[in-house]
2 protein chains.
Amino acid sequence: MIKLDALLPSLDTALIEEMESKGIRKTVNEGTILLDSGQPIRNTIIILDGLVKLYREDTDGNEYFMYHLEPGDACALSMVCAMNYRTSAMTAKAVTDTRLLLLPLDLMDSWMQRYPSWNQFIVCTIRTRLEELLETIDQIAFRKMDERLLFYLKKHKESIGSEELQVTHAEIAQELNSSREVITRLLRKLAEQGKISLKRSAIILHDL
Amino acid sequence: MIKLDALLPSLDTALIEEMESKGIRKTVNEGTILLDSGQPIRNTIIILDGLVKLYREDTDGNEYFMYHLEPGDACALSMVCAMNYRTSAMTAKAVTDTRLLLLPLDLMDSWMQRYPSWNQFIVCTIRTRLEELLETIDQIAFRKMDERLLFYLKKHKESIGSEELQVTHAEIAQELNSSREVITRLLRKLAEQGKISLKRSAIILHDL
DNA sequence: CCGGCAATGTGATCAATATCACCAAGTGGG
DNA sequence: CCCACTTGGTGATATTGATCACATTGCCGG
């Protein structure tokens, strides 16, 4: 059982206790879709353990990787959608087996009025994700594919906390809305520069 | 003097009164920078009259148009930044002479605890802008320049409330991070399709 | 240990768009 | 009313990345 007070040190003790008693703990397997683009959101989600990726999908099946949620992170989207009964604008998928805390949305209003630290937490969460979105926009709008790939690898290295990223070239291509051949060629170049090494279905990230 | 209750019908009367008494009204000229990328934000901004554009700039001077703020809109960025004393991630510039209401940031916390309608307003504001950002990401990530140009023109038609958009090809090119020649050629195609007519320094938008 | 599939490697070609090099047309100030 | 400047028009060329076609490699189950 993961302790909330260590994971969310900025929150009031009383709030943490209320989260413990009223939140729902849930474990989901790798690959589970937590939020589905277009589906209504009923709870705010906090990640206790594991890794979740958020990505944008369009109607033609294209997708683009946005950011990861790690332990202690709350899902900004679920906050802002849950609070006005709206549907999700992105898809969230568990990258590994993941433990979550679900907070029913009717708690949100009451907490906002009773716990200033909850307000700070919400605003801080939203702000962080907004900045990640803007950084992603910078990448897509202003950078070429080689830089975007490097950015993607850096982000993943931070999130997975390991040198070895288990992913195929085709998967990267899909998450960057590119094509497999292009990613293969760019990875090859990075490998020649000594920044990464390539294995089957995995990439070893050295100095990016 | 613009009446706040008509502009912001979702807010409590008591809150509106407090906004009237504690908010600062300000008029700025066309071209004024309201938020500057990297500068700290001291107030939350609500647009009373006029039009403001928000755009992302990178370090190399590239820019990309994000969205407009119209009367009754609050600046989501100023809310989320003001509340934790952070700097702006986008630039906001007045497109026309614009009247604003500035709300000092120390009011925010107290209002969140006293006025549920203020919380709803904040969440709704943030959500709307988040959706606009995601729509922009879709455009950049998944659409070609011709579709992005059409989207840009549609957005502007909605915001300016007029058929005639006063803008040069070079300005559009900058806001879409493209080049003047490409925009000229694409506009020419749209004109041939009868969707727009071209004038010097202006575009007449018919049926987009 | 082999047959088949998933993953990767690679050249050729194509499409979109950026860039360059101009020219032409409108416009506003002196 | 003319000159300089801004804006728009247009062909040629370069670059990036997508697509196609196919070869190779590694791996896993029978």
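How many nonpolar, polar and charged residues make up the surface near DNA strand C? The residues of this surface divide into four nonpolar, six polar and nine charged. Here Ala, Val, Leu, Ile, Met, Phe, Trp, Tyr, Cys and Pro count as nonpolar, Asp, Glu, Lys and Arg as charged, and the others, Gly among them, as polar.

The structure is a predicted model, in which local features need pLDDT of at least 70, side-chain atom pairs count only at pLDDT 80 or more, and totals for chains, interfaces and linings use all residues. Residues are numbered from 1 along each chain as its sequence is written, while chains are lettered from A and ligands numbered from 1 in the order in which they are written.

Chain A contains eight helices and ten strands; helices (H or I, at least four residues) and strands (E, at least two) are DSSP runs, numbered from the N terminus. Its C-alpha atoms fill a box of roughly 55 × 35 × 30 Å along the principal axes. Of the 208 residues of chain A, 33% count as buried. A residue is buried if 20 or more other C-beta atoms lie within 10 Å of its own, exposed if 12 or fewer, and partly exposed in between, with C-beta atoms placed from the backbone.

Thr87(A) lies in the loop between α3 (76–83) and β6 (91–94) of chain A. Thr87(A) counts as exposed because it has 12 C-beta neighbours inside 10 Å. Apart from neighbours within four places in sequence, Thr87(A) is in contact (C-beta atoms, placed from the backbone, within 7 Å) with Gly38(A), Gln39(A), Pro40(A) and Cys81(A).

Between the two chains, 31 residues of chain A are in contact with 31 residues of chain B. On the side of chain A that touches chain B, the elements giving two or more residues are α3, α4 (106–114) and α5 (116–142). The most come from α5(A), with 17 residues. By class, this side of chain A has 17 nonpolar, seven polar and seven charged residues.

Chain A can be laid on chain B with an RMSD of 0.0 Å by a turn of 180° and a shift of 0.0 Å along the axis. The superposition is by least squares on the C-alpha atoms of residues with pLDDT of at least 70 in both copies. The two copies are thus related as by a two-fold rotation axis. In chain A, the C-alpha of Gln113(A) is nearest this axis, at 2.0 Å.

Around DNA strand C there are 19 residues, the closest being Thr168(A), His169(A), Lys144(B), Met145(B) and Ser178(B). A residue is near a strand if its C-beta atom, placed from the backbone, lies within 6 Å of it. The largest share of this surface, five residues, comes from α8(A). For DNA strand D the largest share, four residues, is given by α8(B). The surface near DNA strand D has four nonpolar, six polar and eight charged residues.
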